[in-house]
Every structure is written in C-alpha cells, then in structure tokens.
Amino acid sequence: MSQDPSHAKRALRAELRERRRIMTAREREQATAGITRNLIDLSTRLGVKHASAYLSASDEPDTRPFLRWASEHGIRVLLPISRNDGLLDWAPFDDGVEDADIFGMPAPTTEVLSPMAINEVDLIIVPAAAIDRSGMRMGWGRGYFDKTLGSMDQRPPSYAVVFDNEVVERVPTELHDQAVDGVVTPSEIITF
Ligand SMILES: Nc1nc2c(c(=O)[nH]1)N(C=O)[C@@H](CNc1ccc(C(=O)N[C@@H](CCC(=O)O)C(=O)O)cc1)CN2
Ligand SMILES: Nc1ncnc2c1ncn2[C@@H]1O[C@H](COP(=O)(O)OP(=O)(O)OP(=O)(O)O)[C@@H](O)[C@H]1O
C-alpha cells in the first residue's frame, strides 16, 4: 500500500464500496434490523431529544426505519444537505420529503437551516466508510464531516454507522481527520 494516506484512503474506499455493492438483499435486511435496534438503544440510553443523522443512499446502512421511529417518538432529527463551499446545511426529517443533493445523495427538502444548526443537537450520527479501533473515521472523501465535527467546540456524542466488517484495525489518517466517540453496527454499539 502507498505511504500517502490520501492514496491509501482511495484504495480502501474502492474496496469497501465494492463490498457494499455485492451485499445481498437478505444481508441488507438483517443489517438494517440490527442497526435500527442499536440506534434506538443508543438514543434511548442517552435520552436524546434532538439528533442529527443522514438520509441513507441505497448502498449505505439504512437509517430510515430509525428516522421513522425517532419521528414517532418526538425526537427531532436534522439531516445534512451538501453545499458547494464544503459546509453542510441541515433540514429536519419529514418522511418522504426529499430529493437528491449536488452529488446525487438523498437530502431533505424541508426548511433549510444553516451549518450552525448542528450545534443544537445532543447526538450526532454520521455516515462513514470505515472506523478503526481508536475511533478514527474515514468517510467518502469530501471532508464534510471532518469540517463539521472539527468546527464544533462543544461536541455532543458522535457515533458513526457502518456494517460489521467496516470496523477495522486501522484506517489511513491525515491531520484534519476527526475521530468519533463510538460506532453503531448491526451487531453492536462500541463506545471508544
Ligand atoms: N447519505 C449520505 N448523505 C451525505 C453524506 C454521506 O456520506 N451519506 N455525506 C458525507 O460526507 C455528505 C456528502 N458527501 C459525499 C462524499 C463523497 C461523495 C463522492 O462523490 N465521492 C466519490 C469518491 C471520492 C473519493 O474517493 O475521493 C465517489 O463516491 O465517487 C459524494 C458526497 C452529505 N450527505
Ligand atoms: N477541516 C478541514 N479544513 C479544510 N479542508 C479539509 C478539512 N477536513 C478535510 N478537508 C479536505 O477534504 C478532503 C477530503 O478529506 P477526507 O478524505 O478526510 O474526507 P472524509 O472524511 O473521507 O469525507 P466526509 O467527511 O465527507 O465523509 C481533503 O482534501 C481535505 O484536505
């Protein structure tokens, strides 16, 4: 593997992307059930009232059943919308109210709030490609969550959501990379 972390990241992302692509429908369903159960457990344990999460794309761990549960239980959830300047706007979850963002990622079309809105939440749920045993996070390569997490001085607990085989020994890291406080997979909740 190359010494340059950005090259190593690219290679690892390609491998992970391919692994997600070849998952069967049954594997996905089972993963969704576990992830939903663990996200509900985590939010309940933390007494969360206001969270941020993401609207999953078809290859990503499915957040929608959790989002519906949260909505039914009075938990307000903010979802990201990618901006051209590298920051994320936020908008509240409302089932079915969505469109594609500038990258084709699902994004909410409810009332747009500024990047500052994330400062109001008491749990941050982030997408990731892989998480290592020290909590370092590798995302999909646009730096959105590094900038978002890195800009907050009072950060609530932040948990990444990945499939079980995406918790790895080490991810390649660069100076700007931000660690998360824990990870939710279909089979467990790990707090670092
Ligand atoms: N569902 C969801 N929404 C999200 C994110 C996410 O990961 N999942 N984001 C999390 O940040 C932001 C969008 N981030 C993105 C990150 C990368 C690419 C992208 O096109 N990546 C290239 C590979 C780049 C590389 O490997 O260097 C690609 O996939 O082809 C698009 C959007 C905001 N919304
Ligand atoms: N805090 C920051 N300030 C300025 N640039 C940054 C910052 N964080 C990341 N970047 C830039 O963003 C690009 C992508 O970074 P990286 O590969 O770590 O993204 P990622 O964590 O995989 O993506 P994401 O957070 O969108 O899931 C890099 O070119 C990096 O220089």
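The crossing of helix 2 and helix 3 is right-handed. This is a predicted model, so please keep that in mind for everything I say. The two helices are residues 25-46 for helix 2 and residues 64-72 for helix 3, and their axes come within 8 Å, crossing at roughly 35°.

Which residues of helix 2 meet helix 3? From helix 2 they are T32, T36, L39, I40 and S43. On the side of helix 3 they are P65, F66, W69 and A70. Sorted by class, this contact has six nonpolar residues, three polar ones and no charged ones.

Now the sheets. Seven strands form an open sheet, and reading across it the order is 3-2-1-6-9-11-12. The pairing in this sheet is mixed. As background, strands of a sheet pair through backbone hydrogen bonds, and the pairing can be parallel or antiparallel.

Why is one side of strand 3 and of strand 12 left without a neighbour in the sheet? Strand 3, residues 88-92, and strand 12, residues 189-191, stand at the edges and have a single partner strand each, so one side of each has no neighbour there. From one strand to the next, the twist of this sheet averages 25°.

One pair in this sheet is strand 9, residues 158-161, with strand 11, residues 182-184. These two run parallel and are joined by three bridges. For an example you can find on the screen, Y159 has G182 in strand 11 as its bridge partner.

Strand 7, residues 130-132, pairs with strand 10 in the parallel sense over two bridges. Within that pair, I131 has V167 as its bridge partner.

Next, the ligands. How many residues surround ligand 1? There are 20, and the closest are F103, P127, W140, G141 and Y144. Helix 1, strand 2 and helix 4 each supply at least two residues of this shell. By class, the shell around ligand 1 has twelve nonpolar, four polar and four charged residues.

Ligand 2 is surrounded by 15 residues, the closest being G139, G143, F145, D146 and H176. Which element gives the largest share of this shell? Helix 4 does, with five residues. The shell around ligand 2 divides into four nonpolar, five polar and six charged residues.

Last, the whole protein. It has four helices and twelve strands. The radius of gyration is 16 Å, close to the 16 Å that the globule rule gives for 192 residues, so the protein is as compact as a globular protein of that length. Along its principal axes, the C-alpha trace spans about 45 × 40 × 30 Å.

Technical notes
Residues are numbered from 1 along each chain as its sequence is written. Chains are lettered from A and ligands numbered from 1 in the order in which they are written. This is a predicted model: local features need pLDDT of at least 70, side-chain atom pairs count only at pLDDT 80 or more; totals for chains, interfaces and linings use all residues. Axes are lines fitted to C-alpha atoms, for helices over the stretch in contact, and angles run from 0 to 180 degrees between N-to-C directions. A crossing is left-handed if the near helix is turned anticlockwise from the far one by less than a right angle, and right-handed if clockwise. Two residues are in contact if their C-beta atoms, placed from the backbone, lie within 7 Å. Ala, Val, Leu, Ile, Met, Phe, Trp, Tyr, Cys and Pro count as nonpolar, Asp, Glu, Lys and Arg as charged, and the others, Gly among them, as polar. A residue is near a molecule or strand if its C-beta atom, placed from the backbone, lies within 6 Å of it. Two strands pair if DSSP finds at least two bridges between them. The radius of gyration is taken over C-alpha atoms; the globule rule is 2.2 Å times the number of residues to the power 0.38.
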